[in-house]
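Please have a look at the structure first.

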Amino acid sequence: MTRDGRRTGRDETEEERADRMWTELIQEVRVAQTGVQILFGFLLTVVFQPKYARLADTDQVIYIVTVVMGACATGALIGPVSLHRLVSGHRVKPQAVRLASRMTLVGLALLLATMTSSLLLILRVATHDGYVPYLVTAVVAWYVLCWYALPLWARRRNSGGSGD
């Protein structure tokens, strides 16, 4: 406790902290996994639509890159589940939590890239207008603000940098 009576942290062992952080991480990953799996499933169907063959070469390249990024995002966001299953019972939970956290951050970055390129492709096909890059940039800025800037600002403003 500090002099003004506020708690300075949790009274937990490294293992208890790892258990808590693992539970929190898996809850967070569930949200992202659902989104990336739905998006990736949708992307996989596009190539089988008759209009795909009529897409411009640039749009087909955007599509292929989008599908590959979606596959990578799916792998990174499902990776913590496999990691947990393979290391469970081997007394490496603190290290597993750190690795799973990194996988999740990579997965979120890939999800951001997948959503960006999906939006770019859809708007290019739907509108053919020159404002598409500006609209996509605005949406990406919104994602970055919501997913990274505000959380990092809140962490910096409200914590001592403990990483919890």
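By a pocket I mean, on a 1 Å grid over the protein atoms alone, an open set of points where a 1.4 Å probe fits, with protein on both sides within 12 Å along at least five of seven lines, and its lining residues have an atom within 4 Å of a point. This is a predicted model, in which local features need pLDDT of at least 70 and side-chain atom pairs count only at pLDDT 80 or more, while totals for chains, interfaces and linings use all residues. Residues are numbered from 1 along each chain as its sequence is written, and side-chain values use heavy atoms, with hydrogens and water left out.

The second largest pocket is lined by Phe42, Leu43, Val46, Gln49, Lys51, Tyr52, Leu55, Tyr63, Ser118, Leu121, Ile122 and Val125. Two or more of these residues come from each of helix H1 (14–46) and helix H3 (93–127), helices here being DSSP runs of H or I with at least four residues, numbered from the N terminus. The largest contribution, four residues, is that of H3.

Turning to the loops, Arg91, between helix H2 (57–87) and H3, has a positive phi of about 55° although it is not a glycine. His128, in the loop between H3 and H4, likewise is not a glycine and has a positive phi of about 55°. Most residues other than glycine have a negative phi.
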